[in-house]
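Work through the exercises below with the sequence and the model open. Try each task before reading its solution.

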Amino acid sequence: MNTTHTLWLILIMALVTAAIRFLPFLVFRNAEKTPKALEYLGSVLPGAVMGLLVVYCFKSTTVLHWPFALPELIATAAVVGSYLWKRNTLLSIGLGTVLYMVLVQVAFA
Amino acid sequence: MKKETKKQSAFRAAFPKTLPIMAGYVVLGFGFGLLLQSKGYHFLWAVLMSLTVYGGSLQFVAVDLISAGAGLLHTALMSLIIQARHLLYGISMLKHYRKVGRKKPYLIFALTDETYSLVCSGEVPNGVEKGAYYLWISLLNQCYWIIGSALGGLFGQFVHINTTGVEFSMTALFVVVLTDNLLKKESRLPTLIGLGVAFVCLLVFGAGNFLIPSMIGITLLLLILRPCLEKRGCAE
């Protein structure tokens with residue numbers, strides 16, 4: 001672990017996040033004058049970015065040889081299934097994570 | 001004296017509203033703290049990030065970034081991509097956060113998804129000072145997040161369990177949000193566009209290089225499909 005580099009990364013994340021949060025208040029004094037294209041992107045990007053983030057999570061998954069992404073597939077199915085059933089975010093995250101840990105530590109170890 | 005009572009009533013009005021967020025933030029924060037600790041980081045690193053970055057999705061991805069020693073530009077880009085939606089929150093918050101005085105910078109800094117949903121949804125109760133009410137909501141929520149992160153990190157430090165696979169908590173979080181997006185008619189198409197473009201870019205450019213092309217591709221495709229998406233009610 002490189003402490004200086006880690007601090008730099010945290011600083012960058014903090015600054016970018018703050019800049020994005022402050023920008024609208026600095027640039028747009030009233031809500032009526034915001035560019036329509038920006039408003040449009042603001043409403044559709046969050047959904048699209050979530051699609052990107054899910055792909056990001058699976059980017060290093062082993063698909064072509066054993067265990068053929070089976071732990072990921074099973075745990076993801078459990079997350080989706082339990083969410084469709086109970087609509088409880090924390091329950092699905094907890095269940096999926098514990099199941100995945102059991103799968104990689106025991107079943108597919 | 002009168003000011004003091006006002007402050008108390010703002011706290012009393014705000015605290016019950018934050019209870020549902022408390023549960024979510026403490027548990028998710030715990031997951032984040034534990035995940036960061038599992039990569040060998042002292043729990044204070046989690047606290048530092050929850051204090052300064054304060055953004056759930058980004059902090060989960062950050063565990064990946066800092067443990068891999070990612071580049072500065074890569075990190076900036078990732079932050080930009082994940083946090084871009086806050087532009088929209090800011091725009092719709094312009095009115096709410098008018099005339100709140102010196103509290104304003106903190107209110108803007110602490111505007112997370114959950115705080116946004118609370119500030120947006122409820123009217124400020126009668127007789128309660130607007131700025132103080134918003135401040136308590138924002139401050140309490142961040143406290144829950146910090147406490148959760150600290151507890152997760154401490155748990156990892158003192159309770160020795162095999163944490164292999166705990167990184168799936170990030171995947172599970174995003175998969176839940178994705179599922180929820182797909183269930184809602186207005187966010188279904190944008191979400192599928194994000195999934196599709198990112199998947200194609202992953203196959204073409206590989207795991208190390210697909211983020212930038214994905215982001216460009218997604219933005220372009222969303223702009224090209226704007227008339228179609230707006231007609232289908234995806235941009236409300």
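**Exercise 1.** Is B:Thr191 buried or exposed?

*Solution.* Start with the conventions. This is a predicted model, where local features need pLDDT of at least 70, side-chain atom pairs count only at pLDDT 80 or more, and totals for chains, interfaces and linings use all residues. Residues are numbered from 1 along each chain as its sequence is written, chains are lettered from A in the order in which they are written, and side-chain values use heavy atoms, with hydrogens and water left out.

Next, apply the cut-offs: buried means under 20% relative accessible area, exposed over 50%, partly exposed in between (1.4 Å probe, protein chains only). B:Thr191 has a relative accessible area of 0%, so B:Thr191 is buried.

**Exercise 2.** Which residues form an aromatic pair with 15° between the planes?

*Solution.* Recall the rule: rings of Phe, Tyr and Trp (its six-membered ring) pair if their centres lie within 6.5 Å; planes under 30 degrees apart count as stacked, over 60 as edge-to-face and the rest as tilted. The whole structure holds 17 aromatic pairs over all chains. B:Phe32 and B:Trp145 are the stacked pair asked for, 6.3 Å centre to centre. Now trace the chain. B:Phe32 lies in H1 (residues 2–38) of chain B and B:Trp145 in H8 (residues 130–158) of chain B, 113 residues apart, and the pair links these distant parts. Both B:Phe32 and B:Trp145 are buried.

**Exercise 3.** How are the planes of B:Tyr106 and B:Phe109 set, and what separates these residues along the helix?

*Solution.* Check the angle. The planes are 40° apart, with 6.1 Å centre to centre, and the pair of B:Tyr106 and B:Phe109 is tilted. Now use the sequence. B:Tyr106 and B:Phe109 are three residues apart in H6 (residues 104–109) of chain B, so about one helical turn separates them. B:Phe109 counts as buried because its relative accessible area is 17%.

Finish with the cluster. B:Tyr106, B:Phe109, B:Phe32 and B:Trp145 belong to one aromatic cluster, together with B:Tyr25, B:Tyr54 and B:Phe60.

Terms used
Helix = DSSP H or I, 4+ residues; strand = E, 2+ residues; numbered from the N terminus.
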